[in-house]
Amino acid sequence: MKNNTIWAGLLCAVLAGHAAALDLSLGAGSNGEGSNYFRFGGQQEFDSSWWQSRHGRLTGYWDAAVSYWQAQDSADNQSLSVSPVLVYEFHGNGIRPFVEAGIGLAAFRHSRVDDHKLGTALQMEDRLGVGLRLGGGHTLGLRAIHYSNGGLKQPNDGIEGYSLYYQWQY
């Protein structure tokens, strides 16, 4: 419990400087092999957008999150991550679909999740996602996140998390 409090405190510290227009998100899913994966995060949108057209625009956000990995065959694990995420948002009336991609860093408490030997606690976080902005500050999406140490140390099994998430503007 003490370590979970430390992880949550670190997340709050990262987000404290960005309290204005902060989005919060909750996600749940699995690692593709039956282990559960839960994620709580905060997002701060970029102040800019690019390539605006009649079809949509490119924008993005900073994402900081605490994830909990509920393992089946080994000790549970937690991770803290920070990532810039690019988003292409399509125009729409009320509902706006989008796709997202990002690369960031994550620190795991242990270098193992189930039978995945990560090699190091520090991992790169690659993500792809799709979703819908529903209006009123609500977003619903699907996301795939892959963690790997990039071959810096063996073993480098890596792990994926697939989740459904809900995000709202705080």
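Is Glu 125 buried or exposed at 0% relative accessibility? Glu 125 counts as buried, because its relative accessibility is 0%; buried means under 20% relative accessible area, exposed over 50%, and partly exposed in between, with a 1.4 Å probe and protein chains only.

This report concerns a predicted model, in which local features need pLDDT of at least 70, side-chain atom pairs count only at pLDDT 80 or more, and totals for chains, interfaces and linings use all residues. Residues are numbered from 1 along each chain as its sequence is written, and side-chain values use heavy atoms, with hydrogens and water left out.

**Salt bridges**

Side chains of opposite charge can pair when their charged atoms come close. The structure holds eight salt bridges, a salt bridge being a side-chain nitrogen of Lys or Arg within 4 Å of a carboxyl oxygen of Asp or Glu.

| Arg 39 | Glu 125 | 3.4 Å |

Arg 39 and Glu 125 meet in a salt bridge. This pair links distant parts of the chain, with Arg 39 in strand 2 (residues 36–45) and Glu 125 in strand 8, 86 residues apart. Strands (E, at least two residues) and helices (H or I, at least four) are DSSP runs, numbered from the N terminus. Arg 39 is also buried, at 6% relative accessibility.

Because Arg 127 lies in strand 8 and Asp 63 in strand 3 (residues 56–70), the pair ties together parts that are 64 residues apart in sequence. Arg 127 is buried, with a relative accessible area of 2%, and Asp 63 counts as buried at 2%.

Salt bridges that share partners join Arg 39, Asp 63, Glu 125 and Arg 127 into one network.

Gln 123 is placed in strand 8 (residues 122–135) and is buried, with a relative accessible area of 1%. Its side chain reaches the backbone oxygen of Thr 120 at 2.8 Å. Not counting residues up to four places away in sequence, Gln 123 touches several residues, including Gly 104, Phe 108 and Tyr 147; contact means heavy atoms within 4.5 Å.

Ser 25 belongs to strand 1 (residues 22–30) and is buried at 4%. The side chains of Ser 25 and Gln 43 make a polar contact of 2.8 Å. A polar contact is a pair of N or O atoms within 3.5 Å; within protein, one must be able to donate a hydrogen and the other to accept it, and residues adjacent in sequence count only if both atoms are side-chain atoms. Leaving aside neighbours within four places in sequence, Ser 25 is in contact with residues including Arg 39, Tyr 166 and Trp 168.

**The largest pocket**

The largest pocket is lined by 17 residues, of which Asp 23, Glu 45, Arg 96, Arg 133 and Gln 169 lie nearest its centre. On a 1 Å grid over the protein atoms alone, a pocket is an open set of points where a 1.4 Å probe fits, with protein on both sides within 12 Å along at least five of seven lines; lining residues have an atom within 4 Å of a point. Strand 8 gives the most to this lining, with three residues.
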